[in-house]
Amino acid sequence: MGILVHVLLTAVAVWVATLIPGIDLDQGASAPAKIGTLIGVALLFGLVNAVVKPLVKFFGCLFYLVTLGLIGLVVNALLFWLTGRLAGELGLPFEVSGFWSAFFGAIIVALASWVLNLAYDRATDRD
């Protein structure tokens with residue numbers, strides 16, 4: 001149940017990121033099709049972050065140290081851009097059209113996910 005909630009929250013965060021110019025969700029699609037696309041992109045983004053990000057962190061740990069972690073912003077942007085490319089290859093109508101769109105989109109997704117997960121955790125805390 002927890003994974004499903006986190007995928008849905010990530011889908012909402014990706015939807016918020018579509019406000020950035022250059023991050024496009026098929027505007028002609030129906031609402032259920034858009035929701036399905038967002039859930040698919042959220043699953044794909046989670047998969048990319050689970051598989052590729054640890055490898056990049058391992059092999060690029062020196063860059064993380066030298067830049068005091070700021071390279072993480074670039075890595076997140078590239079992973080978000082990769083997600084957009086993979087979504088297109090899989091037939092999902094989601095596109096990230098450039099590095100700067102991916103850069104700001106990744107920041108928006110991270111912040112929106114953080115806020116949504118914080119709100120969800122507080123709402124479900126029954127102590």
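I3 is exposed, at a relative accessible area of 69% (exposed means over 50%, buried under 20% and partly exposed in between, with a 1.4 Å probe and protein chains only). This is a predicted model, in which local features need pLDDT of at least 70 and side-chain atom pairs count only at pLDDT 80 or more, while totals for chains, interfaces and linings use all residues. Residues are numbered from 1 along each chain as its sequence is written, and side-chain values use heavy atoms, with hydrogens and water left out.

I3 belongs to helix α1 (helices are DSSP runs of H or I with at least four residues, strands runs of E with at least two, numbered from the N terminus). Between I3 and A102 there are 99 residues in sequence and 24 Å in space, C-alpha to C-alpha.

Helix α1 (residues 2-17) packs against helix α5 (residues 99-124) at an angle of about 140°, the axes being 8 Å apart. Axes here are lines fitted to C-alpha atoms, for helices over the stretch in contact, and angles run from 0 to 180 degrees between N-to-C directions. α1 is therefore oblique to α5, since angles under 35 degrees count as roughly parallel, over 145 as roughly antiparallel, 65 to 115 as roughly perpendicular and the rest as oblique. On the α1 side the contact is made by V5, H6, L9, T10, V12, A13, V14, V16 and A17, and on the α5 side by G105, I108, V109, A112, S113, L116, N117 and Y120 (contact means heavy atoms within 4.5 Å). These residues divide into twelve nonpolar, five polar and no charged. Ala, Val, Leu, Ile, Met, Phe, Trp, Tyr, Cys and Pro count as nonpolar, Asp, Glu, Lys and Arg as charged, and the others, Gly among them, as polar.

With α2, the axis of α1 crosses at roughly 105° and comes within 8 Å, which makes α1 roughly perpendicular to α2. V7, L8, T10, A11, V14 and W15 in α1 meet L38, I39, V41, A42, L43 and F45 in α2. This contact has eleven nonpolar residues, one polar and no charged.

The largest nonpolar core has 22 residues, and V14, I23, F80, F94, V96 and V109 have the most contacts inside it. Such a core is a set of buried Ala, Val, Leu, Ile, Met, Phe, Trp, Tyr and Cys residues joined through side-chain atoms within 4.5 Å. At least two residues each come from α1, β1 (23-25), α2 (31-59), α4 (71-89), β2 (94-96) and α5. Leaving aside neighbours within four places in sequence, I23 is in contact with A17, T18, F80, F94, E95, V96, S101 and G105.
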